[in-house]
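Here is a brief report on one protein model and its ligand. The sequence and structure come first.

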Amino acid sequence: MRIDIITVSPDLIKSPFEHSIIKRAINKSLVEVHFHDLRKYALNKYGKIDDYQFGGGAGMVLMIEPIDKCISQLFLEREYDEVIYMTPDAITLNQKTANILSSAKNIIILTGHYKGVDQRVRDKFITKEISIGDYVLSGGELAAAVLCDAVIRLIPDVLGDETSALTDSFQDDLLAPPVYTRPAVYKGLKVPEVLLSGNFPKIEQWRHDEAVKRTQNIRPDLLNKSNT
Ligand code: ADE
């Protein structure tokens with residue numbers, strides 16, 4: 001998979017790709033991530049990429065021309081499955097969307113800044129708009145990093161243990177059950193007996209029941225979707 005990220009702050013977004021699972025996925029060539037500094041496509045030598053909004057109002061708006069130049073250049077080089085715009089005024093990212101995107105070949109992610117982008121960018125180039133939650137960040141960079149992390153870990157062979165993505169929270173519209181590790185007793189706090197029993201069907205049943213209980217308590221809205 002190839003991900004092209006268009007941003008006005010490349011340094012802000014690079015770090016999450018330099019650690020842990022994502023870094024390993026890049027090193028194993030399971031994913032390629034390219035950062036494009038929008039200022040390279042600026043209108044003038046002062047790096048102009050934004051302007052005041054027509055009709056008045058606070059905040060600068062990213063202009064269409066630099067974005068058009070950057071995206072058009074990428075389109076000349078290859079085809080893309082999706083051109084995604086990170087914005088709070090969109091549908092919220094969930095595991096299903098991450099699953100679908102993990103099988104894409106090439107995607108572009110455009111990160112907004114200031115007051116957003118000229119609507120004509122959204123109308124002409126964007127195929128999918130994604131928010132990471134009902135709150136407003138200073139820019140789309142951190143949101144893009146969240147999206148990339150959620151997607152990249154689902155690409156086959158990225159996780160060492162294939163089953164660990166399948167048992168993540170939300171894969172079956174349930175939150176994940178509790179997990180424990182050594183010691184079996186810590187200052188009187190005990191690990192549930194069943195987990196030490198070696199009876200794997202019983203353990204699986206316990207995990208499922210705990211996942212349902214946890215979901216009922218914390219996110220009952222998810223249970224309406226699941227077929228438990
Ligand atoms: N940009 C600013 N806030 C955002 C959010 N919540 N999700 C995606 N992109 C954003």
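Predicted model: local features only at pLDDT ≥ 70, side-chain atom pairs only at ≥ 80, totals over all residues.

Residues are numbered from 1 along each chain as its sequence is written, and side-chain values use heavy atoms, with hydrogens and water left out.

## Ligand site

The shell around the ligand holds 13 residues. A residue is near a molecule if one of its heavy atoms lies within 4 Å of it. Thr87, Ile132, Gly133, Tyr135 and Leu137 come nearest.

Polar contacts are pairs of N or O atoms within 3.5 Å; within protein, one atom must be able to donate a hydrogen and the other to accept it, and residues adjacent in sequence count only if both atoms are side-chain atoms.

| Residue | Ligand atom | Protein atom | Distance |
|---|---|---|---|
| Thr87 | nitrogen | polar backbone atom | 3.2 Å |
| Ile132 | nitrogen | polar backbone atom | 2.9 Å |
| Leu137 | nitrogen | backbone N or O | 3.0 Å |

How much of the ligand's accessible area does the protein cover? On its own the ligand has 260 Å² of accessible area, and the protein covers 96% of it. These areas come from the Shrake-Rupley method with a 1.4 Å probe; for residues, only the protein chains shown count as cover.

Two or more residues of the shell come from each of β5 (82–92) and β7 (128–131). β5 gives the most, with 3 residues. Helices (H or I, at least four residues) and strands (E, at least two) are DSSP runs, numbered from the N terminus.

By class, the shell has 8 nonpolar, 5 polar and no charged residues. Here Ala, Val, Leu, Ile, Met, Phe, Trp, Tyr, Cys and Pro count as nonpolar, Asp, Glu, Lys and Arg as charged, and the others, Gly among them, as polar.

## Cysteines

The whole structure has 0 disulfides. The cut-off is a pair of cysteine sulfur atoms within 2.5 Å.

Cys70 is buried, at 0% relative accessible area. Cys148 is buried too, at 1%. Buried means under 20% relative accessible area, exposed over 50%, and partly exposed in between (1.4 Å probe, protein chains only).

## Aromatic pairs

Rings of Phe, Tyr and Trp (its six-membered ring) pair if their centres lie within 6.5 Å; planes under 30 degrees apart count as stacked, over 60 as edge-to-face and the rest as tilted. The count comes to 2 aromatic pairs.

Phe17 and Phe35 have ring centres 5.4 Å apart and planes at 75 degrees, so the pair is edge-to-face. The pair links distant parts of the chain, 18 residues apart. Phe17 sits in the loop between α1 (10–14) and α2 (20–27), and Phe35 in strand β2 (residues 32–37). Phe17 is buried at 6% relative accessibility, whereas Phe35 is partly exposed at 25%.

Phe75 and Tyr80 have ring centres 5.9 Å apart and planes at 50 degrees, so this pair is tilted. Phe75 is partly exposed, at 39% relative accessibility. Tyr80 is buried, at 14%.

## A side-chain contact

Asp118 lies in the loop between β6 (106–111) and α5 (119–124). At 17% relative accessibility, Asp118 is buried. The side chains of Asp118 and Arg120 are joined by a polar contact of 2.6 Å.
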